[in-house]
Amino acid sequence: MTRYLSRRLVQALATIFAVVTVAFAFGRLSGSPAALLLTENAPKSQIVALNHRLGFDKPLWLQYVDYLGGLLHGDFGQSYRQVGVSSMSLVLERLPASLLLGAVGLTAGILLAMVAGLVIQLTGSRGLRTTALGIGAVRQAIPDFFFGLLLVLIFSVTLGILPSLGNRGITSVIMPALTIATGQFILYMRLIDNSLTEQSSMDYARTAYARGDSRFRVVLGELLPNAFLPVMTVAGISLGGFLGGLVIVENVFAWPGMGQLMLSAVYSRDFPVVQSGLIVVAGLFIVANFAVDLCYALIDPRVRLR
Amino acid sequence: MTAIDQIPDLAPTAAGTAIPRARRMPRIPALQIIGAVMLVAVVLFSFGYPLLPAFDPYTQHLSLALTAPGVDAHHLLGTDSLGRDEASRLALAGRVTLGIVVAIVVVNSLLGMSIGIVSGYLGGKIDNLLMGLADVQLAMPVILVLIALAAAVGPSVWLMIGVLAATYWVGYARVARSVSLGLRERDFVLAPRIQGASGFWTVRRHIVPNVSVQMLILAVSDIGAVILLTSSFDFLGLGVQAPMPSWGLLISEGQKYVRQAPYLSILPGIVIFLVVAGLHLVSQRFTSESTPSRKRSPRTTQKKGARR
């Protein structure tokens, strides 16, 4: 177990280091960031002064070493736009809202898929499966941002029962979470349906039926735990795409999360904020994959963490 | 990592199985016809409407701003917030979006095909290196890469095209690799090598034709995904920049007037839906045609399940 943990820790540090390095390289691509931050006809002296203040007049390798040194002290660089404010604190301030929305959306999507998969398996109805797959395919052909907009049109503009923008209490989370959940639904429904069907032809399922167990009991007690393994694997792997989708949904509903912050940082060319955001996303990635591994070991006794 | 590949495992088409299938009169299911009609309608509108005299996507008629569809005979689909003709903007947006998407898919499939063939045919260290590179790309969400680069150098349509062209080839490379890996040891590939043909000639003559069929199938089913992706980027302001329209950008502009003029975002949304759903319906035919085993299996497993 210790060997496993230390190996994971080394992997995590290597990932963070790679992200930090790539982000640093991206940040210096534009050559002179100071010129971009000032107005178009700013005098040369002003550019030079700002370059000096932000440390862009030093050689590139020294900037990199400075940045890495700062990271070790917990200094992730100051925001270009909000002078004196740590870029990391801006990101962390927004993190809870993103986590809340992501967790509610993903959980709702997987639950929805599980319920659909179970109902299909319990009733054995082919029509139900076709309907669920059809609805899922239609939803997949609608981009998230347009689906969100349709929800706003129906529930905010026409019916006036849900707030359309921002975070104003518990009702605000409904539409963005619904957008995410319906988008994830088809992926997991297909997966659960496939693996339930596959599991149902296994020997252990036949044995359970032979024992005289009810269909309900076999599907819920025997098949479902096994069918859930691929769900976790996919959840871990598709996390990257999921976080990307979160950025889009946050922007449709003006949800005050990390994604919205990073995008507004793109418009204002506040690179340190984007940089810190990327580091946090990489951290989330590592934690989530670690959690998936742990859950795997918990659910499946054949898996040993080494 | 490979366990959950979205791409169906496409076996190399042995010439023997393809020919008798083609000789039969193919029965085209209704859903595929509907899909094709949806697709053709959008393409015809996007490329046909600009030929009409009514086409004028940029002139502003401020007095006519936010005219609803069907009210003004000169602007059948209404006008936007600056009084520009919505039908013209929609058609131009279609040309812009489809042009960008096709360019990206073509670059991706060619790049992915070359990398995959080199990887699969040569094998060894080069294979490990290239496939390692592919794994790294899979772990990086495209949107975050684009956000990081756009923050550094400023968002532009060329940046979006570049990022997508450079990162989205992994799916193609994997399929091309597995196909050429399977072909490498086949007699018709080995025989010319023994007779002294160069590796390059063999690849061009025997591997490329087999792989390119798979690439074409993959590309057709990929167009829909890339449309959704680029539209999202356009919507976020990371892709096509105003005043040039694109479907995603039109929806984002329409979002501001969602209360007064909902048609501004609904119309481009419907167009995106028609293309993506149409492509999905059409490409299902391609994938099931190319992988005969998939046709049989669902039905037999379902019957087994029903008996229990």
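**Exercise 1. Name the buried residues of α5(B), then say what covers them.**

Step 1. The buried residues of α5(B) are I143(B), L144(B), L146(B), I147(B), A148(B), L149(B), A150(B), A151(B) and A152(B). A residue is buried if 20 or more other C-beta atoms lie within 10 Å of its own, exposed if 12 or fewer, and partly exposed in between; C-beta atoms are placed from the backbone. Helices are DSSP runs of H or I with at least four residues, strands are runs of E with at least two, and both are numbered from the N terminus.

Step 2. This is a predicted model, where local features need pLDDT of at least 70, side-chain atom pairs count only at pLDDT 80 or more, and totals for chains, interfaces and linings use all residues. Residues are numbered from 1 along each chain as its sequence is written, while chains are lettered from A and ligands numbered from 1 in the order in which they are written.

Step 3. Nine of the twelve residues of α5(B) are buried, so the helix is mostly covered. The cover includes α1, α11, α12 and α13 of chain A, together with α6 (157-167) and α9 of chain B.

**Exercise 2. Check the span of α5(B), residues 142-153.**

Step 1. The expected span is 1.5 Å times one less than the number of residues.

Step 2. For twelve residues this should give 16 Å. The end C-alpha atoms are 16 Å apart, which agrees.

Step 3. Look just past the helix. G154(B) takes a positive phi of about 95 degrees.

**Exercise 3. Does α4(A), residues 60-72, lie largely in the open or under cover?**

Step 1. Check the span. The 13 residues of α4(A) should span 18 Å, and the end C-alpha atoms are 19 Å apart, which agrees.

Step 2. Count the buried residues. The number is one of 13, so α4(A) lies largely in the open.

Step 3. G74(A) follows α4(A), with a positive phi near 80 degrees.

**Exercise 4. Describe how α3(B) and α9(B) cross.**

Step 1. Take the axes of α3 (residues 86-122) and α9 (residues 199-236) of chain B. They come within 8 Å and cross at roughly 140 degrees. Axes are lines fitted to C-alpha atoms, for helices over the stretch in contact, and angles run from 0 to 180 degrees between N-to-C directions.

Step 2. That angle makes α3(B) oblique to α9(B). Angles under 35 degrees count as roughly parallel, over 145 as roughly antiparallel, 65 to 115 as roughly perpendicular and the rest as oblique.

Step 3. Sort the contact by class. It has 16 nonpolar, five polar and one charged residues. Ala, Val, Leu, Ile, Met, Phe, Trp, Tyr, Cys and Pro count as nonpolar, Asp, Glu, Lys and Arg as charged, and the others, Gly among them, as polar.

**Exercise 5. How many residues does each chain give to the contact between chains A and B?**

Step 1. Chain A gives 42 residues and chain B gives 39. Two residues are in contact if their C-beta atoms, placed from the backbone, lie within 7 Å.

Step 2. The side of chain A divides into 28 nonpolar, eleven polar and three charged residues.

**Exercise 6. Is G239(B) buried or exposed?**

Step 1. Find the residue. G239(B) sits in the loop between α9 and α10 (247-255) of chain B.

Step 2. G239(B) has 29 C-beta neighbours inside 10 Å, so it counts as buried.

Step 3. Leave out residues up to four places away in sequence. G239(B) then touches V157(B), M160(B), T230(B), F233(B), D234(B), S246(B) and G248(B).
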